[in-house]
Amino acid sequence: MTYSAAGIFQRGFFDRFNQRHGTDLVNVPFKGGGESLTGVLSGFTPIAFIGGANFAPYVREGKMVALAVDADERSPLFPDTPTFAEIGYPDTLSRSYLSLVAPAGTPQDIVARVHREVSAVMNDKDFRKRNLTDRGLAPIVDSPEQFSRFLEKDRMAIRAVVQEAGIDPR
Amino acid sequence: MKANSGCVTALIFLVAAGVSAIGSSASAQTYPARPIKAITDVGPGGTYDIFVRALGEALQPRWGQPLVVEPRPGGNFIIGGRACAEATPDGYTLCVLSRQTLAANEFLYKKIPYTPGSFIPIMNLLYNTQVISPTRRSTSGLWTNWQRWQKRNRKR
């Protein structure tokens, strides 16, 4: 049986799943959430591991099933679906994030101003509901220092995952 | 002679302070004076693209300037990262980039045209919660097995 996955971390989960259960789920590369969704609906790649916002409507209609969400807590979009920790994969590490950065050399006061304005928008209740939580996205909103430390930690975690998987850089 | 060199030092210091004051007032007080570009590493129409456009719309009344989204998808996220790294760092280019661009590509590819130092981190915006989801029809066997397996797991 084939699956499509958003990236290397999601593929890593299936590698581990195959190892643990002796299954043979095979990755099929795809371009973007739309193509992955088409693959599931047509049955060409019947399993997808991608951003939940892509298929929330289909799960509601009963055309697809949400098996597991990679989040600390259950998603408001899929309240009946267990987290990976609940099903025995606490360190799946597949959570994608989206970040705001500026090219190196951007003046510090502009960076501070952008951070302030974007924080205000991100913390606005209506904006948050309409553009984030209702769409299966979990808002973060940290400081540049926190984000910088997070990024460094995540880079090290990814390096470890890549080494463990024996992936040679291309 | 000694007093003289002290004088020169003081003068240089004043010049440096003057320059930084001008730089600061020009950027902070008048910013943004024109539209801001947001480089992304994904194509138009997807989850992230829709989000960035919504963010731009919400920022416009605050800034009095639009946020113009410039999708640079493809190339295993290298194209978007490169476009951001090579942009003029004057505050009129911001970049909304994904995890693979910022934290993974350096370990997956031998040659990428940017480094972690190419970017100033501003804010982590969101987690895109990933979900495993098959069709109900095509994988009913798998679904049943998965439910059994979950039940076993919960008991443990």
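Visitor: Is E86(B) buried or exposed?
Guide: In this predicted model, the relative accessible area of E86(B) is 54%. A residue counts as exposed when that value is over 50%, and therefore E86(B) falls in the class called exposed.

Visitor: Which residues do salt bridges that share partners join into one network?
Guide: The network takes in residues of chain A and of chain B. Its members, joined by salt bridges with shared partners, are R113(A), E117(A) and R62(B).

Visitor: How many residues apart in sequence are the parts that K37(B) and E70(B) tie together?
Guide: The side chains of K37(B) and E70(B) meet in a salt bridge, with 3.7 Å from N to O. Because K37(B) lies in strand 1 (residues 36-40) of chain B and E70(B) in strand 2 (residues 67-71) of chain B, the parts that the pair ties together are separated in sequence by 33 residues.

Visitor: What is the relative accessible area of E70(B)?
Guide: Its salt-bridge partner K37(B) counts as partly exposed at 29% relative accessibility. E70(B) is partly exposed too, and its relative accessible area is 24%.

Visitor: Where in chain A do R74(A) and E86(A) lie?
Guide: R74(A) and E86(A) form a salt bridge whose closest N and O atoms are 2.7 Å apart. The pair ties together parts that are 12 residues apart in sequence, and both residues lie in the loop between strand 4 (68-70) and strand 5 (96-103) of chain A.

Visitor: What is the relative accessible area of R74(A)?
Guide: E86(A), the salt-bridge partner of R74(A), is partly exposed with a relative accessible area of 33%. R74(A) is likewise partly exposed, and for this residue the value is 35%.

Visitor: How many salt bridges does the structure hold over all chains?
Guide: The pairs discussed above, including R82(B) with E86(B) and R74(A) with E86(A), belong to this total. Over all chains, the number of salt bridges that the structure holds is 13.

Note on methods:
Residues numbered from 1 in each chain as written. Chains lettered and ligands numbered in written order. Predicted model: local features only at pLDDT ≥ 70, side-chain atom pairs only at ≥ 80, totals over all residues. Heavy atoms only, no water. Salt bridge = Lys/Arg side-chain N within 4 Å of Asp/Glu carboxyl O. Helix = DSSP H or I, 4+ residues; strand = E, 2+ residues; numbered from the N terminus. Buried < 20%, exposed > 50% of the residue type's maximum accessible area, 1.4 Å probe, protein only.
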